Amino acid sequence: MPTPLIQISHLEKSFTTNKSWFGQWQIDRGKIRRKKDSVHALNGVNLTINQGETLCVVGETGCGKSTLARVLMGLTPASSGEVHYQDQRIDHLNDRQRMLFRRRMQMVFQNPYASLNPRMTVYQTLSEPISFHNPQLSASQVDEKIHALLESVGISPSSMDNYPNEFSGGQRQRISLARALSVEPDFIIADEPLSALDVSVQAQVLNLMMDKQEERNLTYLFITHDLAVVEHFATRVAVMYLGRVCELASTSTLFSAPKHPYTKALLSAIPRLDNNTTQPIRLMGEVPTQMDKPIGCVFQARCPYANPRCYKESPEMIRQPDNSTVACHAVDEGRL
Amino acid sequence: MNLLSVSNLHVNFHLKGQDLAALIDVSFTLNRGERIAIVGESGAGKSILGFSIVNLVDKPGYIKSGSIKLQNKEITTMSLPQLQEVRGKRIAMIFQDPMMTLNPVLTIGVQLVEAIRSHTRISFKDAKNIAIEKLHSVQIASPEKRFNQYPHELSGGMRQRVIIATVLLLNPDIIIADEPTTALDVTIQAEIIQLLLDICRNNSMALLLISHDLGVVSRVAERTIVMYAGRVVEEGPTLEIINDPQHPYTQGLLNALPQMALPGQRLNQIQGSMPPLNERPSGCAFHPRCPYATDQCRQQQPSFIHSGVSTVACFMVEDMINDAHLDDDEESR
């Protein structure tokens with residue numbers, strides 16, 4: 001039985017789109033009313049991340065995968081819901097507590113050109129978190145640590161006084177990973193770490209991440225839209241659509257027997273080298289933005305199997321015989 | 001008759017007092033209605049090749065030598081008015097980021113009409129009708145409404161469709177698409193690729209697809225050109241390149257794909273990275289990263305040889321073919 005590391009329950013996050021307080025007042029049928037427009041990025045996400053696994057979150061742009069990462073890291077506060085790290089509730093920590101807590105979880109960002117401070121050398125970038133979280137270390141011990149760290153991610157320690165612009169994209173992403181590893185966390189969130197990189201460099205970074213996981217028994221939350229990477233790298237996959245998890249399954253189950261109509265469409269759209277003949281399932285339209293809280297299933301507007309029940313009732317995550325969980329009325333009723 | 005033929009093209013960049021070669025001896029031909037893909041890592045010169053075909057290489061870059069012929073008309077020596085006639089009307093380009101291509105302060109309609117009216121003398125009303133018809137043909141719902149909207153009101157996939165509509169306005173012979181789907185989601189990517197394919201097939205337009213996604217390439221292109229450090233290293237039918245790559249670089253690119261390794265196993269990475277312009281190694285530029293490199297590779301540049309239906313520039317492949325010939329000769333003796 002895998003031990004859960006992080007438990008997310010009923011997590012919601014909405015962003016108000018009104019810019020100013022004045023903009024919120026509207027005249028409605030002769031009366032002045034206050035109206036807040038908001039985008040619902042997360043609509044009740046329930047997830048468990050187990051120790052030592054790689055949970056991949058996939059979905060199209062705007063489905064809330066990056067918001068999930070940011071809320072977990074505490075970079076934006078959640079609107080409601082709870083996040084537990086082992087026994088500790090972490091979604092309402094204050095700044096000081098959170099700063100100390102970051103020793104346990106770290107993040108690698110999408111764009112290595114933007115996530116490294118261009119005015120700090122590699123040494124400065126890495127020494128800051130190390131000396132903050134380990135104030136007892138002497139300068140020479142910090143030096144030693146940085147040496148070992150850079151070597152372990154395949155960057156020559158002789159270049160540690162260089163600035164980020166002197167490195168290539170792949171090298172920068174390695175430095176980002178080194179920065180995340182510098183405080184020896186248990187859990188790393190990687191938000192599309194490969195999408196800015198070439199295929200061959202992607203392979204280098206992915207290999208490095210897998211090596212580190214083996215070495216340090218890391219847990220990854222890996223956010224991506226590249227399903228080929230997911231198939232290779234993930235232990236379990238969560239498919240998200242409009243702020244909800246619609247299918248959660250182990251990688252082999254998901255790729256061999258996808259159940260949710262959205263997962264099926266997503267998988268059929270991967271451009272593959274071998275099967276040139278299969279036509280992707282066409283989804284009508286694109287991901288809508290969530291201005292109103294959805295009534296019924298979030299996928300109803302693009303789903304070819306939607307029936308009246310889907311427009312009224314929001315489907316729950318139901319466990320299937322093969323241990324995957326799917327939120328779909330059609331699957332539940334056996335129509336699919 | 002070839003529609004477009006590029007021969008011995010050299011493009012250089014004048015940087016910091018050095019003359020650096022970005023494209024070295026690139027030659028290929030494109031026939032009417034043919035779809036060719038150009039693949040390679042960042043820095044291989046794929047985009048520069050796309051730009052130089054419409055003579056858009058800007059300072060400090062310049063076309064050093066070689067010729068680009070569009071139906072026997074030389075593009076490299078054309079004057080600006082002649083070039084403007086070619087750009088858009090004969091050869092159209094689609095870029096990676098649709099938001100950067102569209103003007104954010106003009107409506108979609110104004111931009112489409114402007115494109116038509118700058119090439120043909122017709123009234124605004126007629127131009128609008130053509131524009132709406134083309135928006136319809138790229139499967140944009142309610143084109144009349146979209147006509148008056150600004151680019152930021154559309155989603156990424158929709159914007160790329162608008163770009164494709166702009167390209168179609170003047171019925172060009174060649175579309176150059178520079179990573180048209182890199183900024184899009186998989187589902188949208190599949191739709192855009194299908195749309196591009198349909199358009200090229202129905203109007204017998206030729207497509208030059210610049211991409212690093214071999215999955216996309218295998219769906220679209222009939223022929224593939226693999227580039228490394230400014231040179232073409234392998235060229236052949238796409239299926240042949242994907243199923244039986246000859247050049248170690250092509251092999252490396254394909255092996256690095258996650259679907260080529262068993263789940264959970266290490267991926268086969270290519271060691272090192274693409275050398276920058278000012279550090280191009282001698283001999284075959286791929287030798288520092290090549291697992292099969294010999295002294296010959298370090299000193300000499302391999303020439304193109306035919307291997308089956310592909311052409312490859314690699315000494316190892318050359319030796320293998322020579323050995324095979326020797327064996328054949330011995331057997332016949």
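Predicted model: local features only at pLDDT ≥ 70, side-chain atom pairs only at ≥ 80, totals over all residues.

Analyst: Let's start where B:Thr224 has B:Gly236 in β10(B) as its bridge partner. The pairing belongs to strand β9 (residues 223–228) of chain B, which runs antiparallel to β10(B) and is joined to it by six bridges. Between these two strands the hairpin has two residues, and B:Ala229 there takes a positive phi near 45 degrees.

Strand β10 itself (residues 231–237 of chain B) is mostly covered, with six of its seven residues buried. β10(B) also pairs with strand β12 (residues 310–312) of chain B, again in the antiparallel sense, over two bridges. In that pairing, B:Glu235 stands opposite B:Thr311 of β12(B).

Chain B also has an open sheet of four strands, in the order β2-β1-β4-β5, with antiparallel pairing. Its edges are β2 (18–30) and β5 (73–74) of chain B, each of which pairs on one side only. Strand β4 (residues 61–70) of chain B is joined to β5(B) by two bridges, and the two run antiparallel. Here B:Leu70 stands opposite B:Lys73 in β5(B). Helix α1 (residues 46–53) of chain B packs on this sheet and touches β1 (4–15), β2 and β4 of chain B, while its direction makes about 70 degrees with that of β2(B).

Now to a pair of helices. The axes of α7 (residues 156–168) of chain B and α8(B) come within 10 Å and cross at roughly 10 degrees. Because angles under 35 degrees count as roughly parallel, α7(B) is roughly parallel to α8(B). From α7(B), the contact is made by B:Gly156, B:Gly157, B:Gln160, B:Ile164 and B:Leu168, and from α8(B) by B:Ile188, B:Glu191, B:Ile192, B:Leu195, B:Leu196 and B:Ile199. By class, this contact of α7(B) with α8(B) has seven nonpolar, three polar and one charged residues.

Finally, α8(B) leads us to the other chain. The contact between the chains takes 33 residues from chain B and 32 residues from chain A. On the side of chain B that touches chain A, the elements giving two or more residues are α8 (186–203), α9 (214–220) and α11 (248–255) of chain B. α8(B) gives the most to that side, with six residues. Sorted by class, the side of chain B that touches chain A has 14 nonpolar, 13 polar and six charged residues.

Technical notes:
Residues numbered from 1 in each chain as written. Chains lettered and ligands numbered in written order. Contact = placed C-beta atoms within 7 Å. Nonpolar A, V, L, I, M, F, W, Y, C, P; charged D, E, K, R; others polar. Pairing = 2+ DSSP bridges. Axes fitted to C-alpha atoms, helices over the stretch in contact; angles between N-to-C directions. Buried ≥ 20, exposed ≤ 12 C-beta atoms within 10 Å, placed from the backbone. Parallel < 35°, antiparallel > 145°, perpendicular 65-115°, else oblique.
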